[in-house]
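Dear colleague,

Please find below the structure that I am handing over to you. My findings follow directly after it.

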Amino acid sequence: MTRGAECDLLGRVNDLAAYFIHPGVNKFTVRTFGTEKAVRREQKRCRDQSFLVIHPYSCFKITWDVLMLLILTLNIILLPIAIAFFDEYSEVPVWAFLSASTNTVFFLDLFLNFRTAF
């Protein structure tokens with residue numbers, strides 16, 4: 001791979017990452033910021049700031065919040081059922097996997113929220 005191809009690939013990866021962590025131009029962001037020009041200014045401001053800060057109106061953050069809502073709803077429904085009907089629900093492989101995976105996702109969410117701007 002040549003140096004120019006490496007720079008081009010790195011540029012594409014940066015553009016893809018920026019797409020996920022910076023606000024996109026959609027109805028919600030246009031309504032929030034007022035105009036499409038204001039959204040573009042916000043995108044430029046985000047590019048000039050730290051790369052690791054996630055904008056609260058980014059596609060990634062909105063998708064992550066919906067995923068967290070679904071997982072939380074799943075926990076609200078299934079956890080009381082597991083506690084009520086299984087003596088040792090942590091010994092059942094399905095419940096153990098569900099508990100471990102949701103706890104891991106909630107732990108990742110904690111760190112992700114530390115990287116989100118408000």
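In this predicted model, the buried residues of helix H5 pack against helix H4 (59-85). The residues of H5 that are buried are Trp95, Leu98, Thr102, Val105, Asp109 and Leu112. Viewed down the axis of H5, these buried residues fall within an arc of 115°, so they line one face of the helix. On the other side of H5, the exposed residues are Pro93, Phe97, Phe107 and Phe114.

The length of H5 was also checked. For its 22 residues, at 1.5 Å a residue, a span of 32 Å should result; the end C-alpha atoms of H5 lie 32 Å apart, which agrees.

In the pair formed by Phe107 and Phe111, the ring centres are 5.0 Å apart and the planes stand at 85°; because an angle over 60 degrees counts as edge-to-face, the pair is classed as edge-to-face. Both Phe107 and Phe111 belong to H5, where they are four residues apart, about one turn of the helix. Phe107 has a relative accessibility of 51% and therefore counts as exposed, whereas Phe111, at 45%, counts as partly exposed.

Finally, a word on confidence. The protein chain has an average pLDDT of 76, and 68% of the residues score at least 70. Confidence is highest in H5 (residues 93-114), with a mean of 89, and lowest in helix H1 (residues 3-21), with a mean of 60.

Yours sincerely

Notes. Residues are numbered from 1 along each chain as its sequence is written. This is a predicted model: local features need pLDDT of at least 70, side-chain atom pairs count only at pLDDT 80 or more; totals for chains, interfaces and linings use all residues. Side-chain values use heavy atoms; hydrogens and water are left out. pLDDT is the predictor's confidence in each residue, from 0 to 100. Helices (H or I, at least four residues) and strands (E, at least two) are DSSP runs, numbered from the N terminus. Rings of Phe, Tyr and Trp (its six-membered ring) pair if their centres lie within 6.5 Å; planes under 30 degrees apart count as stacked, over 60 as edge-to-face and the rest as tilted. Buried means under 20% relative accessible area, exposed over 50%, partly exposed in between (1.4 Å probe, protein chains only). The expected span of a helix is 1.5 Å times one less than its number of residues. The arc is that of the directions from the helix axis to the C-beta atoms. Contact means heavy atoms within 4.5 Å.
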